[in-house]
4 protein chains.
Amino acid sequence: MSLRVAILGASGYSGAELLRYLSLRRAISGDVEIAAVTASQRAGASVASVLPQFRQSAGSSLFADLPNGLPKFSRWQDVDWQSIDIAFCALPHGTTQEVITELWRYSSLRIIDLSADFRLSSFADYEHWYGKAHGAPQLQGEAVYGLSEHFRASIGKARLVANPGCYATAAQLALLPLAPLIDCSSISIDAKSGVTGAGRSLREEFLYCEINEDFRAYSLSGHRHVAEIEQGLELALGSSASSDSASSSASSSSSDQPRLRVSFVPHLVPMDRGILTTSYLRLRAGESVSSCLAAYDNSYSGSAFIEICRDGSVPSVKLLRGTNRCSLAIFADRRPGWIVVFSAIDNLGKGAAGMALQNMNLMLGLEEDYGFADTALVP
Amino acid sequence: MSLRVAILGASGYSGAELLRYLSLRRAISGDVEIAAVTASQRAGASVASVLPQFRQSAGSSLFADLPNGLPKFSRWQDVDWQSIDIAFCALPHGTTQEVITELWRYSSLRIIDLSADFRLSSFADYEHWYGKAHGAPQLQGEAVYGLSEHFRASIGKARLVANPGCYATAAQLALLPLAPLIDCSSISIDAKSGVTGAGRSLREEFLYCEINEDFRAYSLSGHRHVAEIEQGLELALGSSASSDSASSSASSSSSDQPRLRVSFVPHLVPMDRGILTTSYLRLRAGESVSSCLAAYDNSYSGSAFIEICRDGSVPSVKLLRGTNRCSLAIFADRRPGWIVVFSAIDNLGKGAAGMALQNMNLMLGLEEDYGFADTALVP
Amino acid sequence: MSLRVAILGASGYSGAELLRYLSLRRAISGDVEIAAVTASQRAGASVASVLPQFRQSAGSSLFADLPNGLPKFSRWQDVDWQSIDIAFCALPHGTTQEVITELWRYSSLRIIDLSADFRLSSFADYEHWYGKAHGAPQLQGEAVYGLSEHFRASIGKARLVANPGCYATAAQLALLPLAPLIDCSSISIDAKSGVTGAGRSLREEFLYCEINEDFRAYSLSGHRHVAEIEQGLELALGSSASSDSASSSASSSSSDQPRLRVSFVPHLVPMDRGILTTSYLRLRAGESVSSCLAAYDNSYSGSAFIEICRDGSVPSVKLLRGTNRCSLAIFADRRPGWIVVFSAIDNLGKGAAGMALQNMNLMLGLEEDYGFADTALVP
Amino acid sequence: MSLRVAILGASGYSGAELLRYLSLRRAISGDVEIAAVTASQRAGASVASVLPQFRQSAGSSLFADLPNGLPKFSRWQDVDWQSIDIAFCALPHGTTQEVITELWRYSSLRIIDLSADFRLSSFADYEHWYGKAHGAPQLQGEAVYGLSEHFRASIGKARLVANPGCYATAAQLALLPLAPLIDCSSISIDAKSGVTGAGRSLREEFLYCEINEDFRAYSLSGHRHVAEIEQGLELALGSSASSDSASSSASSSSSDQPRLRVSFVPHLVPMDRGILTTSYLRLRAGESVSSCLAAYDNSYSGSAFIEICRDGSVPSVKLLRGTNRCSLAIFADRRPGWIVVFSAIDNLGKGAAGMALQNMNLMLGLEEDYGFADTALVP
């Protein structure tokens, strides 16, 4: 079997990381063909001219079976979608809803969307956070939230998977198993990210000299990923016994009870990759670090990409660089009855391209770590 | 007037920063003379051989009045203490208690101690956190906790000032004015520091390649600076109307009430300097961001080194690099009734050498910013 | 005496560094007043809103004598130039020639230009390197090349000083004294700069993630600073006995002899500040490391800002961070008859704002290090 | 076929990178088994406890076929060498000669040595550079210098391959094809390396705060890798028509002619990985950039890991991060008759572990890029 995959919006950091993961997969399992890469403003350009890490020597065999190596960038409208099996969509939000609406008529196409456009099941929430009405409401019900470890069954049946935001991935992997054990009205999530999290945006605040040797918070008026975290926690609280059986796209409860609110403050770290979240949580009566670790074991046993630190070591983002892994740890807080929980990922890996590949595996009925060689680049 | 100052333990990062501040002061106000610098293992060496940033050209006039520029390193036992007015002590903790006991007989000598040896007023706390009995109990009552903005009057009368720890400075400047307005049982302090905070320790974990491109927490079993923070908060709660009238070295209340406990998690940022603390706080009924800002105004009006961000900007450590300033900000949390508070400092400046100089000014009856030229090095 | 100074183009990195140096000078010698800062596109904005490192606390005394602290940004056309003594011009090249032509009629105004517009005495060279005819030919003869240590006398008499380029400063301080001792046809200058050297340009290649963890050369088709280096060397060769008596703005020799050419390759280092040049030089017969060091002594004795490493230590940019110093060293090359020469500076200090202040001192007849407190920020 | 490989000295950065490459290869071609990893001082410890990037989740399949994943560290004396096919030796130099002497009796064992112990064919050179007599002179004649692209045939027949030094790799890949075209008495190599090049040495100069934001040269008294470069150039000059037919271990010519000497100055870049060399070369009469590029084509056509920049782009170390590739470029120098040549590698990849794997392929008669998936981690 050779899967034909396309990447929409392949010129940014997430698109480039998808290409890297797919290159590795080609070397490992040989079952994918990169059939199309799109970038409207770069149409006609070679991948190597935009992403020079994909320059290759004359003697290279990596894409030797392809006529000219990787395909050139094209407009998405010019792709022969009939022939594509899987589309990874790394377009800006907003645009994505339009494009996926167009692609929907290709019924054999499965889509893994890395944008935010289909992550929130509530139209009101979408409108609140993204400042406009949802542009593809008829498709929202088709979308499954792609937090792989928590929604494997749903993802396996989906045509459209909404890959979570990078912060939302780190935070939810840490929090969802604990939701029934903690006071969900007292969740403080202190998040720190490397600069690739901002994408390749040409803004003065992301110039080297504005970031280097600095550390600061941002998005104090509210970061959009918090909406995914709250949605995930509400779902986990409402269906803690069987998270997978609940559709992530189910409409949120319309009761009058106040919505769950968490504190979430993102910070920018002078480094390329990595997210660490530090969460301060109050336990429900009777719960403990042990019962929380047991909840992790229950949720993540057999999960190839989840690693739980038990020996006093703390998650470190560098140890995950270039991987699809998530490292978790729970410590007793100095305040009795509270705990501190850490979660670390590579924001471009588990937080974007890596989980997208994992979701592809789930959609194809493969082992979730099929075709991965998940060794971190250290140092 | 020319003050004769000595620096004990001048070969580390804090000692070097003291020398830098004193060099600046010599240029600005000309009222200090660096009479002695000690470093037992370097005795006889020139300052420039150990701290090459103090190499000077033949034509330099910076220390031209001194016979040979800066004095050579000596053993502290070999200094003529009778002739010294002010001693900055940047020795390791433990050793410090011994040395200051020896120096105490020079009654005209005033001491500003940058170690941890005299920061905790409770002997039990000291023993708990430092793993041995206090080595100079008879002097503890003489020590004033040198958090300048909060204990100006006491510092002004002290012979021995215990300069706070760097994290403790950042956290307390943010929290002490708010203590009466918040639920002190729900304080979560997420702290991040540049690597100079670890000093010049030769440990594998501080090698360049172990720090660069990483981000992680440390000291999960408890960082000693939390003891200072809790001590400060208890004092602020017990005497919120008049913090300065309360001696910081007052014995803590011996009542049976449970001690205040805060959560404090330090993280290491791949950068040289700077501390940012992000604190998650629950307001008492009736309090608000506005009332908290009013408390800051009340505490810090006229404080030359405290800057309160009001325009939505967030404290940034780079903007404070090389200064003695502290930048504070308060934001409404997403959870009603909670706030997020930021505090940023240069850990070697306000967190060490800068505040030591500020305390020297207070001890001498000068304006607290006398002799400072506090412009950050940006970028 | 209070000097009234203006900074044109104060919103970039060099402008900000000028403000930092002037703030320090105000604290040290109190003889300057920052009367105007211009930035056309920011007119009306406060300095602190554009350069937040100049935010100040309510209690600060740094600019307390000024009505509202620092003046707001204005258009240069709106400045009362009659009242200004010294103008620092940090405008883009090209624009500068127009503006200075306008300012020239204020006969008491002295101008220190940090742009490239008046650095090259040959109009042909200017046109070659900057792609257009010189826009103020009548003023070029007035301009003195502001390499302080080599043209003190001329600078002292000038109304218009052309501050050298940052690379040209580092290279010429290393090479000019050696020009008569080396084979000037075999000069290879390998230069490395921190990212502030590129200014605050909003280009994708200067984004954090494009610079961090990378190292590469640039400007292979020719960096403009090489023209200054070659001009300086030709002048040094033509007048090696008395470099200061030769006007730097003298027309270059019109003989038919081939022009001197040096190799100069700049590289970008993932750090904020600093330039290191490594030059590979072939000695003339009879010359040696010793005779080269003697040439340095001859050129730089009494120079407050030049430091010559003699003990085997190598120049390091970090040791100069925030200073106006230049560190030089000469080593025997492995190839007999060759030497390796190092030169390090802070590109924003000695390479821009620091030397501008030094030139101001020379123009005013002051000691060249008057009002400096030149201690590096380490670490 | 399953190859059983051992890594001696696996706890350093090169050893860790070998493990990473071998993990990838297991995923790709499945033909290797990591049978033993040694580290005398860590014997008994798990790999994950020393190199936590190899921690794995319970569900991981990466080493699922091994009884307990990776073997524990052992003493090299305790390995069953009879059962090992390939030994990678990443021990300190000196020690290596002793250990390999012991291992030599296992006649089916092939050894790829990453230390410097067998790189220099001249005993005199070895003694000069390493300060003691060669400890295994009887084996030196067996050793083939493992610069893969230049000695493929010899490597294919060797039992002992001496993997080149990282700088020597970068420099020789750039220079060897050009040796007949240039004036080899005028070679200046300006080299820059990331900090992993120094290994995991616990020395104050490699602490984060001593490296970060600095740039400086080192080893001015002579870096050992220059000996390899000169040896390689002499060989290339002596046998430019058929470099591969000349054994790299051939005794160097004993004639009285002066030895070739090149200038080589290494610098430390504040980044983890990567080497860039910038070489300043004088062409022989009649040669040009074009003829030099033709020499590259001649040497490197069909080389899977060599990439020649032709479009004006310059080699960049970040684009090679984590790969075994070398990027080369040639530019005309500003001085007629000179060229500037760039070479970039990942010092832990092509400069150590990557080329070791490539050499293993050559020794096994496989394609040299068999089992590689050589996609850089960018950003």
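**Entry 1: helices H7 and H11 in chain B**

I looked up which residues of H7(B) meet H11(B), and found Cys166(B), Thr169(B) and Ala170(B) on the H7(B) side. On the H11(B) side I noted Lys350(B), Gly351(B), Ala352(B) and Met355(B). By class, the residues of this contact are four nonpolar, two polar and one charged. I keep in mind that this is a predicted model.

Next I wanted the geometry. Two packed helices are described by the angle between their axes and the distance between those axes. For helix H7 (residues 166–175) of chain B and helix H11 (residues 349–363) of chain B, the axes come within 8 Å and cross at roughly 95°. I therefore wrote down H7(B) as roughly perpendicular to H11(B).

**Entry 2: the pair in chain A**

I turned to helix H7 (residues 166–175) and helix H11 (residues 349–364) of chain A. They pack at an angle of about 95°, and their axes are 8 Å apart. Because of that angle, H7(A) is roughly perpendicular to H11(A). H7(A) brings Cys166(A), Thr169(A) and Ala170(A) to the contact, while H11(A) brings Lys350(A), Gly351(A), Ala352(A) and Met355(A). I sorted the residues of this contact by class and got four nonpolar, two polar and one charged.

**Entry 3: chain A as a whole**

I counted the elements of chain A: 11 helices and 14 strands. Along its principal axes the C-alpha trace of chain A spans about 65 × 45 × 40 Å.

The mean pLDDT of chain A is 92, and 92% of its residues reach 70 or more. One stretch I marked is residues 240–254 of chain A, where the pLDDT is below 50. Beyond near neighbours in sequence, that stretch has 33 contacts in the model. Where pLDDT is low, the predicted coordinates should not be read in detail. For the complex, the predictor gives an ipTM of 0.94 and a pTM of 0.95.

**Entry 4: chains A and B together**

I looked up how chain A lies on chain B.

Then I looked at the contact. In it, 39 residues of chain A touch 39 residues of chain B. The elements of chain A that give two or more residues to this side are strand E8 (188–193), strand E9 (216–217), strand E10 (263–268), strand E11 (275–282) and strand E14 (338–345). By class, this side of chain A has 22 nonpolar, six polar and 11 charged residues. Of the interface residues of chain A, 100% are also interface residues in chain B, so the copies meet through the same surface.

**Entry 5: chains D and C together**

What rotation superposes chain D on chain C? I found a rotation of 180°, with 0.0 Å of shift along its axis and an RMSD of 0.0 Å. I noted this as the relation of a two-fold axis.

Here 39 residues of chain D are in contact with 39 residues of chain C. In chain D, strands E8 (188–193), E9 (216–217), E10 (263–268), E11 (275–282) and E14 (338–345) each supply at least two residues of this side. I listed 22 nonpolar, six polar and 11 charged residues for the side of chain D that touches chain C. Since 100% of the interface residues of chain D are also interface residues in chain C, the copies meet through the same surface.

**Entry 6: backbone details**

Most residues other than glycine have a negative phi, and most peptide bonds are trans. I looked for departures from this.

Where is Ser219(C) found? I placed Ser219(C) in the loop between strand E9 (216–217) and helix H9 (225–238) of chain C. Phi of Ser219(C) is near 55°, a positive value in a residue other than glycine.

The peptide bond from Val378(B) to Pro379(B) is cis, and its omega is near -15°. I located Pro379(B) in the segment after H11 of chain B. In chain D, a cis peptide bond joins Val378(D) and Pro379(D), with omega about -20°. Pro379(D) sits in the segment after helix H11 (349–363) of chain D.

Note on methods. Residues are numbered from 1 along each chain as its sequence is written. Chains are lettered from A and ligands numbered from 1 in the order in which they are written. This is a predicted model: local features need pLDDT of at least 70, side-chain atom pairs count only at pLDDT 80 or more; totals for chains, interfaces and linings use all residues. Axes are lines fitted to C-alpha atoms, for helices over the stretch in contact, and angles run from 0 to 180 degrees between N-to-C directions. Helices (H or I, at least four residues) and strands (E, at least two) are DSSP runs, numbered from the N terminus. Angles under 35 degrees count as roughly parallel, over 145 as roughly antiparallel, 65 to 115 as roughly perpendicular and the rest as oblique. Two residues are in contact if their C-beta atoms, placed from the backbone, lie within 7 Å. Ala, Val, Leu, Ile, Met, Phe, Trp, Tyr, Cys and Pro count as nonpolar, Asp, Glu, Lys and Arg as charged, and the others, Gly among them, as polar. Copies are superposed by least squares on the C-alpha atoms of residues with pLDDT of at least 70 in both. pLDDT is the predictor's confidence in each residue, from 0 to 100.
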